[in-house]
Structures are given as structure tokens and as C-alpha cells.
Amino acid sequence: MGRRIRFVEALREGMRQEMERDASVFVLGEGVGPHGSCFKQTEGFCAQFGEDRSRDTPISELAIAGTAAGAALLGMRPIADLMWIDFSMLAMDQICNQAAKLRYISNGQVKVPVVYRMTTGKSKSNAAHHSGSFYSWFINTPGLKVVVPSTPYDAKGLIISAIRDDGPVVYLEHKLLLNVRGEVPEDPYEIPFGVADVKREGTDLTIIATGAMVGFSLAAADALAKENVSVEVVDPRTLMPYDGEAILASVRKTGRLLVVDEGFRYCGFGSEIVAFVAENAMDALRLPPKQLTTMHTTIPFSPPMEDYVFPNPERVAAAVRAMLTA
Amino acid sequence: MDNQLKIQLLETMLRVRKAELQLAIMYKNGKVPCAAHLYEGEEAIAAGVCANLRLDDCITSTHRGHGHCIAKGMPMREMIAEVSARKTGCCGGKGGTMHLFKPEVGVMGTVGIVGGGIPLSTGLGLAMKMQKTDRVAVSFFGDGAANNGAFHESLNLAALWKLPVLYVCENNQYATSVAVWRSTSVPDIGVRGSAYGIPGVTVDGNRVDDVYAAAAAAVSRARAGDGPTLIECQTYRIRGHFEGDDSLYRTKEEVAEARKRDPIDYWKAKLMAEGVIDDGGFAALSEKAEAEVADAAAFAEASPFPAPEDALELTANA
């Protein structure tokens with residue numbers, strides 16, 4: 001068995017190795033300097049690379065995002081840390097109007113190799129402004145790629161691919177996963193975008209899940225296995241582009257589809273996957289496809305209410321049972 | 001300022017003016033598919049600033065950006081063909097009047113979002129500094145953008161990091177339809193430099209010599225590693241916000257009064273008084289600019305439109 005490290009360590013190692021390899025790679029954001037970032041993602045960078053390449057900024061999300069894009073136009077490879085996905089709303093013009101579009105509107109004369117890192121999702125009572133899963137906003141912006149790793153292995157390989165990519169990439173770190181451990185090779189490696197990973201093989205039903213929903217779905221699959229239900233869990237790993245072939249292959253095998261999506265259901269990633277499968281593999285579906293998403297509400301603070309609105313392993317298992325007994 | 005430079009400034013202003021008047025006619029004749037934002041009357045700013053720049057310096061600009069592109073060295077044919085939506089335009093018709101790029105001459109983009117270019121220029125400056133060059137970046141923007149959060153965030157950052165950036169605010173008195181006195185807390189936007197601990201100057205943007213001198217000082221400061229400068233150039237938007245704008249928010253008398261302060265007239269008179277140019281010399285420059293613009297318009301007209309499916313070039317998952 002290989003070395004087991006935490007998600008945040010894998011992410012950090014991927015960034016560090018890229019910064020060692022390529023002098024144009026640098027990080028900027030509020031707290032990425034001596035403090036080492038909100039969740040220690042850049043711990044030690046200042047000592048190793050100096051404040052020039054581990055660059056603290058004011059809380060100026062728009063300027064962080066735009067400055068990173070501008071620096072990328074001249075050959076730098078910035079990793080901009082916006083800290084929480086909820087704060088990216090302050091930077092939307094620079095991410096979605098500028099970084100995403102500059103290559104296209106310039107007819108390919110410029111490229112924008114920038115990574116926008118943000119933590120995402122539920123944690124513990126972080127409430128309305130610190131619990132968002134707004135990745136569908138970025139998916140809906142042509143020109144952006146959207147990456148949501150669910151394991152330490154994927155976290156490292158995908159950050160390396162994101163840094164090496166010549167276009168803007170939104171890289172999302174789920175707060176519940178940062179301390180999860182897993183096997184991670186020490187040498188650098190890339191994980192190509194648009195390649196899903198089957199996290200668990202099964203025959204009765206396909207779950208498509210991302211980020212922390214992957215672990216919830218695997219826990220549900222364990223419980224369901226004791227009831228002789230065989231669930232396949234497929235993690236697309238990148239939501240734009242996503243691996244349609246792998247999703248269709250799984251659905252053709254099981255004939256049943258549940259998407260577990262921490263985002264909201266309306267025009268969300270889950271609804272996209274259901275639509276994609278309906279358009280391309282309706283014949284394979286033995287049941288109407290279903291989605292389990294966060295309920296369509298502002299995220300409340302108090303734990304009983306917060307727990308109520310998010311998916312969890314029990315709710316995933318219940319959704320599968322409901323489909324199989326329908 | 002030597003005579004050659006004086007004439008170069010006049011020539012740049014004339015080239016911009018003739019291009020804008022040509023595009024106004026082309027819009028009227030249906031040759032330009034979208035109501036362009038023209039720069040007539042503001043030419044001294046683009047000319048005066050860009051005359052201080054090297055080829056490897058970079059600019060970003062605004063929805064009213066044709067003049068900056070010409071002054072920075074974009075070929076006239078490519079600019080007019082792009083605004084005319086042709087495949088031979090600088091962006092193959094994908095960008096258009098508000099999205100002009102020519103990185104090889106330092107035009108890193110004109111953007112259609114007010115204030116959107118300010119953070120990008122800040123980033124260009126950051127790259128220039130991190131790469132240990134003495135290049136400079138210029139952000140052209142209007143009085144409207146000076147009230148935008150992007151302005152504040154960027155100037156703070158650039159001042160903090162001593163970035164080699166010129167923030168050139170073209171105060172043309174109107175943010176779309178709203179007069180600057182209705183929207184802006186101070187009469188001179190240049191004073192805002194002091195809020196960031198950087199030089200902030202206000203100059204007459206219709207006097208190309210004043211603009212040139214202010215930009216020269218700012219460029220020296222930037223190249224020396226001493227950081228950014230805010231330059232407010234006070235001018236007047238002679239045409240509507242866009243071609244076809246009825247401009248009901250201002251009087252005809254106000255516009256007529258502003259026309260008397262034409263930047264080309266000012267510079268021509270000055271150069272004639274100094275004996276640098278005579279009527280014949282001016283006419284020759286004017287005709288040369290007209291010929292260049294006519295050639296570019298003919299080139300655009302003769303150029304093909306992009307194929308519909310070219311829309312999907314450079315896209316994935318379309």
C-alpha cells in the first residue's frame with residue numbers, strides 16, 4: 001500500500017511540485033502568504049518560494065480574479081485563491097466575462113492559464129454565505145472548466161492538470177474532504193479532464209455524484225449492499241467537460257440513474273446529467289431517472305435545519321430504495 | 001518634444017478621427033452591424049499616452065476603444081474589418097467593435113464591461129514586474145468606471161505592489177447618459193490618486209501636449225519601479241454614447257460649445273504658430289489619413305464574412 005495523506009496535503013503537494021517545476025506558477029489570494037491559507041492549502045509556500053510567488057492580497061475578489069487573468073495574458077500561470085465559492089460572486093465579471101471569454105473574443109490570440117481555487121459545499125453551520133455549491137454557474141459559462149475532486153488522489157492529479165491547462169479552470173475543494181486521507185503517489189501526475197472514475201462497481205443502479213456526495217453515495221452503497229442492492233458510483237471528477245460516455249456506459253449496464261448533487265436542482269449539474277441521459281440512453285432506462293439535491297432554499301444556520309436541507313448517506317440510500325420499490 | 005513627435009501626435013489624432021468618421025458613415029449605411037461607441041473629440045488622449053509607449057508595452061481599453069488600438073499600432077485594415085464583422089478583422093469577427101485584440105502590438109483587449117479592463121491591466125503590470133522587465137501597462141477607462149469597484153480594488157493593489165501601470169481616466173463628462181456631476185463625488189477624479197498614496201493628476205485631455213507630458217512622467221515612474229499613476233484627462237464626448245443615441249440628456253448648445261475645443265484644431269493651431277506645419281502640410285497629413293481609412297474600408301468591404309460554423313472554433317463542448 002502506498003503513502004496515505006490528507007486531501008489538503010495532496011492539493012498542496014501538487015501546487016508545490018508545479019511551482020518547483022515552472023517559475024511562472026504562483027499563488028495569490030487573501031491569506032495565502034505567511035498564514036498559509038484558510039485551510040493550510042499553501043502552508044510553507046512563503047518560506048519556500050517567497051512572498052512574490054505566495055502573494056497575499058487584500059480582500060478584493062474582483063481584483064484578485066482580474067489581476068490573475070491579466071498576469072496570465074503575459075505568460076504567468078496564477079493560482080488565484082478566492083477562499084470560498086460564495087465570495088466568487090464578487091469576482092464574477094473577471095471570471096465569467098473576462099477570463100472565460102478572452103481567448104475566444106481575441107480569436108485565439110491570447111490564452112488565459114489561470115486556476116481559480118475555491119472551497120465549496122456544506123460544512124458545519126456555516127450558513128447562507130459560506131455553504132454554497134454554485135458550480136453550475138461556472139458550468140454555464142462557455143470558456144471555463146470546472147473541477148471537483150473527491151479524493152486526495154484526484155485532488156493532486158487534477159490540480160496539476162488545472163495548472164498546466166491553457167485556459168481558466170475553476171477548481172473546487174470541498175470543505176468536508178480536506179482532512180480525508182487516501183493513497184497519493186509522491187511523483188507528479190496528471191488526471192485528464194473529462195475522464196470519470198468509477199468509484200464503486202455495481203449492477204442495479206448508477207449513482208452519479210461529485211465532491212462530498214461521492215463519499216455519501218459510497219456509504220449508502222455499503223448499506224444497500226447488505227440489502228443485496230448493488231450500486232455503481234461514478235464520479236465525473238470534472239463537471240465541465242464531463243465524461244458523457246462513462247455515464248452512458250454505466251446507465252446502460254444498470255438501467256437506473258440517480259444523480260446526487262449538492263447544488264440546487266433547477267438548471268443544476270444533476271438536471272444536466274438527467275437530460276443528457278434522457279437524450280442519449282432513454283432506451284436503457286428501466287425507471288425514470290431521479291435527482292437528490294440540496295433543497296431549494298437559502299442555507300440555514302441551525303443544525304437541525306441545515307441537516308434537513310442537504311443530502312446525506314441515509315437520504316441517498318432512501319432515494320435508491322424508493323426507486324427500486326417504485 | 002521634437003518636431004517629428006509633434007507631427008506624429010497630429011497624425012495619430014487625424015488617423016483616429018478619420019477612422020471614426022468613416023465608421024459613423026459605415027454604420028449609417030448598414031456596413032457595421034452594431035451601434036459603435038465612437039471616440040471623436042477624445043483623440044488627444046490615445047495619441048498623447050500611446051506616443052510614450054514601446055511596442056512591448058500593453059494596453060487595455062473600453063467599449064470606446066478604436067482610437068486606443070490605432071494609437072498603439074493596430075493596422076487600420078484589421079480594426080475596420082473587425083468592426084465591420086469580417087473574417088479578416090483582428091479577431092476574425094468574434095470580437096467586434098468592443099473586443100479588439102492585437103497582442104503583438106500590445107493591444108491586450110478592449111472590453112465591453114465598464115471597469116472590466118482595469119483589473120486586467122493591473123495583472124499585466126504584475127506579470128511585467130514579476131518577470132523583471134521594464135515594460136508598462138496602461139488601462140484606459142472612463143469617468144463611469146472610476147465609480148466602479150474594480151477601480152478601487154485595482155488601484156489599491158497596484159499602489160501596494162508598486163506595479164508599472166498607468167490608470168488613464170478619460171473623463172468625457174458622461175457615463176452613458178449620466179453626467180459626471182450627477183454621479184461623481186469630486187469634480188476632479190485625479191484627486192482620487194491620493195487615496196492610494198500615488199500621484200493623481202488632472203489634465204486637459206483635449207491638449208495632446210499636456211496629456212503627453214503627464215503620461216511621460218507616469219511612464220518614467222513606472223519603468224523606474226516606483227509604481228502606478230492615475231491620470232485624469234478631462235474631455236468631452238462629442239457624439240452620443242453610441243451611434244444613434246438621441247442624447248436627450250444634454251443640450252445641443254452644450255455639444256456645440258464643446259466642439260469649439262476640438263483637440264485637433266488646438267494642436268494644429270499650435271503647430272502652425274510654431275511654424276512646425278503649414279496649411280499644405282496639414283492637408284497632406286489629413287489626406288494621407290483619409291486615404292488609409294478609405295483603403296481599410298474598401299479592404300473590409302471586399303473581405304468575406306466568417307462562415308457560420310466558425311462560431312465554434314476555440315470552443316469545447318459546443
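1. Helix α4(A) is largely enclosed by the rest of the structure, because 6 of its 8 residues are buried. A residue is called buried here if 20 or more other C-beta atoms, placed from the backbone, lie within 10 Å of its own. The buried residues of α4(A) are D93(A), Q94(A), I95(A), C96(A), Q98(A) and A99(A). Please keep in mind that this is a predicted model, in which local features need pLDDT of at least 70, side-chain atom pairs count only at pLDDT 80 or more, and totals for chains, interfaces and linings use all residues. Residues are numbered from 1 along each chain as its sequence is written, while chains are lettered from A and ligands numbered from 1 in the order in which they are written.

2. What do the buried residues of α4(A) pack against? They pack against α3, α5 and β5 (115–120) of chain A, together with α5 (117–130) of chain B. Helices (H or I, at least four residues) and strands (E, at least two) are DSSP runs, numbered from the N terminus.

3. The axes of α3(A) and α4(A) come within 7 Å and cross at roughly 30°. That makes α3(A) roughly parallel to α4(A), a term for angles under 35 degrees. Axes are lines fitted to C-alpha atoms, for helices over the stretch in contact, and angles run from 0 to 180 degrees between N-to-C directions. From α3(A), L62(A), A65(A), G66(A) and A69(A) meet D93(A), Q94(A), I95(A), Q98(A) and A99(A) of α4(A).

4. Turning to the interface, 32 residues of chain A are in contact with 32 residues of chain B, contact meaning that C-beta atoms placed from the backbone lie within 7 Å. On the chain A side, the elements giving two or more residues are α3 (61–73), α4 (92–99) and α5 (102–105). The largest share, 9 residues, comes from α3(A).

5. Elsewhere in chain A, an open sheet of 5 strands with mixed pairing has the order β9-β11-β10-β13-β14. Two strands pair if DSSP finds at least two bridges between them. The edge strands, each pairing on one side only, are β9 (197–200) and β14 (290–293) of chain A. From one strand to the next, the twist averages 25°.

6. Within this sheet, β10 (205–209) and β11 (231–235) of chain A run parallel and are joined by 4 bridges. I208(A) stands opposite V234(A) in β11(A). Helix α10 (269–281) of chain A packs on the sheet, touching β10, β13 (257–261) and β14 of chain A. The direction of α10(A) makes about 160° with that of β13(A).

Definitions and conventions:
Contact = placed C-beta atoms within 7 Å. Buried ≥ 20, exposed ≤ 12 C-beta atoms within 10 Å, placed from the backbone. Parallel < 35°, antiparallel > 145°, perpendicular 65-115°, else oblique.
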